[in-house]
Amino acid sequence: MTAEQVFTSLKAKFGDAVLEAKLDALQPWILVVPERMKEVALFLRDDPAMQFDYLMCLSGMDYNDGKLGVVYHLFSTVHRHKIVLKVQCAKETPHVQSVSAVWGTANWHEREAYDLLGIIFDEHPDLRRILLPDDWGGYPLRKDYRVPEFYNGVKVPY
Amino acid sequence: MNGSKTLLTSYVSQPGEIKTSSGKTLRTDEMIINMGPQHPSTHGVLRLEIVVDGEIIVDVIPHIGYLHRCFEKHAEHMTNYQQVIPYADRMDYVAAMNMEQGYAVAMERMLKIEVPERVEYIRVIMAELQRIASHLVAVGTFGIDAGAFTPFLYAFHDRERILDLFEMTCGARLLYNYVWVGGLSHDLPPQFIDKAKEFCKYYRPRIKEFNDLLTYNEIFVKRTANVGVLPKDVAINYACSGPMLRASGVNWDLRRDDPYSVYDRFEWEPQVGKGEMGTVGDTWDRHIVRMREIEQSVNIIEQALAGIPEGNVQAAIPKRIRPERGEIYARTEAPRGEIGYYIVSDGSTTPFRVKARSPAFVNLSVLPEISRGAMLADLVLIAAGVDIVLGEVDR
Amino acid sequence: MGLLDKQFQNGNVLVTSLDTLLNWARLSSLWQMQWGLACCAIEMMATSASNFDIMRFGVIPRATPRQVDVLFVAGTVTLKMASRIKRLYDQMAEPRYVLSMGSCANCGGPYWEHGYHVLKGVDRVIPVDVYVPGCPPRPEALLEGIIKLQEKVRKESLVKKSA
């Protein structure tokens with residue numbers, strides 16, 4: 001299936017939840033509404049024509065214009081096709097519906113996106129910091145992050 | 001229940017209770033054991049919080065992040081896309097060539113650069129040599145975790161010869177900065193091809209010797225067969241890749257199925273676990289898949305050495321890397337699995353975002369699923385069989 | 001001091017100072033903690049393998065900090081790990097030494113500029129005796145670091161307080 005077919009199929013089933021698509025990029029992507037990510041994900045995994053059962057990568061993004069986002073790279077081991085999904089949300093209210101019930105690997109990827117970028121995944125079973133210590137302040141991969149001077153009495157910068 | 005199933009059912013009547021020989025019931029409690037960031041297993045700084053009921057594991061909670069070295073933040077601040085290569089090296093320091101190659105492949109697809117044939121052949125030779133070296137570290141430390149110290153010495157002795165080859169080419173033993181976007185930093189020295197052929201001839205009988213020493217050893221088989229079984233559908237749902245996935249019976253190898261470089265010119269086969277000593281997808285299967293992959297890598301290296309063309313390895317290296325606005329995700333087969341780079345460019349010479357999807361991070365997330373119900377002593381081998389490198393898990 | 005058997009011309013009697021004897025005993029059996037953090041740990045493992053063989057210097061890896069003399073900090077120290085290193089160092093019995101191996105443990109290494117989670121040098125939490133530079137240091141460099149540590153131990157004295 002090409003990206004265009006996936007897009008028309010999603011648009012037919014979900015209507016407003018699927019916003020737009022950029023089909024002429026090197027790797028075409030489809031933009032989805034963050035509150036309905038889980039149903040779109042379930043459809044993509046279970047529909048016999050799609051069967052995207054392998055989540056290759058889930059990355060958090062800071063677009064540096066007041067918006068955060070998540071990018072999902074999906075792959076189907078049955079049909080051997082790929083698709084990219086994106087969601088975007090405002091920096092003040094960064095809520096995205098979690099897909100960890102759909103693909104088990106999303107659990108840790110979403111924890112990492114929360115840890116480094118501060119994106120909150122609703123319905124995640126265990127959303128806490130994974131790479132940084134639990135008492136770390138701030139979200140380092142954001143573009144406006146400032147390195148703290150001290151952490152627990154130890155000087156951080158060089 | 002996963003894991004060892006024979007002893008349990010005769011002694012434990014139901015979870016939380018033990019029946020004594022006189023028929024009375026003893027109530028048991030769960031205990032939390034911390035296998036801390038410092039432990040004598042050589043896999044690095046991983047902390048496992050283990051909830052045990054006697055000897056049987058109820059849950060394992062991995063805590064990572066003790067080696068988080070901010071790779072993605074560094075990539076955003078480099079003045080040049082080539083400067084990310086040394087940081088990519090240090091992510092999976094045991095398989096540095098494969099990490100560099102993954103990044104170079106992603107960048108070359110984004111910039112639409114065609115590298116010379118000689119570069120592709122040399123990259124394949126280096127990647128396969130590095131795969132052998134990485135699997136030797138994996139099986140050597142696996143042996144130590146099982147209690148066998150000698151295979152470690154055998155493995156490292158052979159690994160030194162591979163590191164000699166690397167040092168001859170680029171000057172470094174472990175972290176190379178060799179595979180650049182568009183080419184390589186140095187061409188092969190004149191004596192490399194003969195020395196590499198000599199190594200391949202020397203090493204083939206050593207694989208059989210190593211197998212006799214460790215792999216088919218009765219104690220080792222008893223400790224690893226039927227332990228940590230990973231079913232196929234769980235493996236795909238948790239996006240496992242590399243030997244973890246192939247040991248569960250899935251015939252999937254990125255070098256053949258999502259092709260990059262010139263692997264299609266050589267005759268080789270991805271190795272799949274068949275459950276010869278126990279169940280498909282147990283720890284012994286992962287071990288034998290790695291040993292057989294070493295043999296396949298030697299085949300690939302010999303074929304590549306025979307057919308390497310002439311050329312200039314630095315011809316296609318761009319003077320200035322300034323991609324258009326856009327993004328790409330590209331994946332290659334590292335010894336631990338699928339290493340993917342998601343690179344976003346905003347049109348300048350500095351990367352906007354580089355996300356590294358590391359195989360060990362994803363493979364480690366399946367550890368709680370496969371170790372429930374195993375004995376405490378089996379957990380060490382299950383964790384060793386996943387073959388993690390903490391530099392890659394934490395980036 | 002030389003090999004013991006060369007001293008036995010005069011009827012199996014050996015005359016030396018207590019300092020020399022004690023220091024010689026300590027430097028010939030510097031037990032290390034079997035622990036590595038990052039890439040330098042692989043080079044440390046290669047040093048203890050058969051090609052470079054650290055055990056001929058008397059350096060045996062032990063699993064617990066209570067039984068070791070020297071701590072090789074091999075690899076990058078992160079802020080999350082720093083408190084654990086301090087705790088491990090406190091558990092060692094005196095006389096104890098620290099050998100900082102590699103650029104990252106010396107001064108933060110390649111992560112000095114933008115590493116928000118990297119401790120810029122392990123000497124910010126524990127005192128270090130020997131620094132071994134390199135990224136990663138070759139096994140021969142680590143062996144030289146051990147020899148330098150042995151020379152430091154050789155000069156110690158029971159009477160004079162060392163650092």
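Predicted model: local features only at pLDDT ≥ 70, side-chain atom pairs only at ≥ 80, totals over all residues.
The size of an interface is often given as the accessible area lost when the parts come together. Between chain C and chain A, the buried area is about 1100 Å², and carbon and sulfur atoms give 70% of that area. On the side of chain C, the residues that lose the most area to chain A are C:Leu79, C:Tyr116 and C:Arg124, which together account for 54% of what that side buries.

| Interaction between chain C and chain A | Count |
|---|---|
| Polar contacts, both residues at pLDDT 80 or more | three residue pairs |

Within chain C, a separate point of interest is C:Phe72, which lies in strand E3, a strand that spans residues 70–74. C:Phe72 has a relative accessible area of 1% and is therefore buried, since buried means under 20% relative accessible area. When its neighbours within four places in sequence are left aside, C:Phe72 is in contact with C:Gln32, C:Trp35, C:Met44, C:Ile54, C:Val59, C:Leu99, C:Leu142 and C:Ile146. The C-alpha atom of C:Phe72 is separated by 8.5 Å from that of C:Gln34, although the two residues are 38 residues apart along the chain.

Notes:
Residues numbered from 1 in each chain as written. Chains lettered and ligands numbered in written order. Heavy atoms only, no water. Buried area = accessible area lost by both parts, 1.4 Å probe. Polar contact = N/O pair within 3.5 Å; in protein donor to acceptor, adjacent residues only side chain to side chain. Helix = DSSP H or I, 4+ residues; strand = E, 2+ residues; numbered from the N terminus. Buried < 20%, exposed > 50% of the residue type's maximum accessible area, 1.4 Å probe, protein only. Contact = heavy atoms within 4.5 Å.
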